[in-house]
Amino acid sequence: MSPSDELAQRWRAARPPMAGLHLDSAACSRQSFAVLDATAEHARFEAEVGGYVAAEAATPVLDAGRAAVAALCGMPDAEVVFTTGSLNALDLLLGSWPAERRTLACLPGEYGPNLAVMGAYGFTVRTLPTRDHGRLALDDAAYQLEEDPPDLVHLTPVASHSGVVQPLAMMAQLCRDLGLPLVVDAAQALGQVDCAVGADVTYSSSRKWIAGPRGVGVLAVKPDLMERLRPRLPAPQWAGPLTVAQQLGFGEANVAARVGFSVALGEHLAYGPEAVRARLAELGGISRAVLAEVPGWAVVEEVDEPSAITTLAPLDGADPRAVREWLLTERRILTTCAGPERAPRELTTPVLRISPHADTLPDDLTTFAEGLAAATAAV
């Protein structure tokens, strides 16, 4: 048995069986028994001893979760704040941003809700240059950023509507060379591609490739930048003296979900991040090779894209929304239909997205291809 097959077996055995075929990890992965149990046990402990006492007792687990995030992001000295998700993390960051001149550079395929947050805080958004499939044109970007530097660069290494992997490490080095703060939206990247590049800020969610609970995320900020942030809603005076990170994290929290997230991070490290990334890239390559033969669809990514996400653009009038519903209703195959609102500056028509996790087998992808052909003919 190959190490990849062994990882698939371990991943599958650690989880409840799926009622169908789950190809939607980029939306929400399946939690393990250990994560489910840890989340439930903390909630039960709250009922037994009180929520604040239970939260205090969970400090070592939460600290371990923060340390895992810092390690996975290549930010060993980062201050890590739990949030309710990626969008909440961006909201906290931009709402606290210190600069009076608010200019931001990002890709044309930036996530629609992120653009809304940027606009809400008065950021002027500049578009970074790209090549085919929306991939960053690094040399052109270097010239643009040096000639007219923005206040920050915001990079989403893997988008919500595409499995194309951006050159994150090279952009991180470019931003260091130019002295520009780099903010990384790792919602689709953490756990799927290598994010250990030492950005100034990295934020992510729990529920995607790390396979933690919904409703929790994380914001990691280097200490020098954290001290420059000015929280839009500072903690009340009665809370006592708090650091900037503590002010950003102040308020009501689902501590049970944070405990579950921390356990999921520990599991990810135990599997081996490199092994997980290799398995996901392998599955992406198999998916794209199999799906290239399905009539009515064009595979967006290159076969060897190091990502588990495969995006299918419709041809000849195929309807991604109707196909997604048919697959779920008739075959119990879970996928995503990504509409233009996910990337309003780049995506013009809906696409179908699949995102298998480590326990998916090549036969599952063949089953999906057959289902996709049937759905396309049926709707």
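Reader: What makes R66 partly exposed?

Author: This is a predicted model, in which local features need pLDDT of at least 70 and side-chain atom pairs count only at pLDDT 80 or more, while totals for chains, interfaces and linings use all residues. Residues are numbered from 1 along each chain as its sequence is written, and side-chain values use heavy atoms, with hydrogens and water left out. R66 has a relative accessible area of 26%, and because buried means under 20%, exposed over 50% and partly exposed in between (1.4 Å probe, protein chains only), R66 is called partly exposed.

Reader: Why is the contact of R66 with D63 called a salt bridge?

Author: A salt bridge requires a side-chain nitrogen of Lys or Arg within 4 Å of a carboxyl oxygen of Asp or Glu, and the closest N and O atoms of R66 and D63 are 2.9 Å apart, so the pair qualifies. Both lie in helix α4 (residues 59-72), three residues apart, which separates them by about one helical turn; a helix here is a DSSP run of H or I with at least four residues, numbered from the N terminus.

Reader: Which parts does the salt bridge of R279 and D5 tie together?

Author: The side chains of R279 and D5 meet at 4.0 Å, N to O. R279 lies in helix α12 (residues 273-291) and D5 in helix α1 (residues 3-13), so the pair ties together parts that are 274 residues apart in sequence.

Reader: Is R279 buried or exposed?

Author: R279 has 3% relative accessibility and therefore counts as buried, whereas D5, at 38%, counts as partly exposed.

Terms used: Helices (H or I, at least four residues) and strands (E, at least two) are DSSP runs, numbered from the N terminus.
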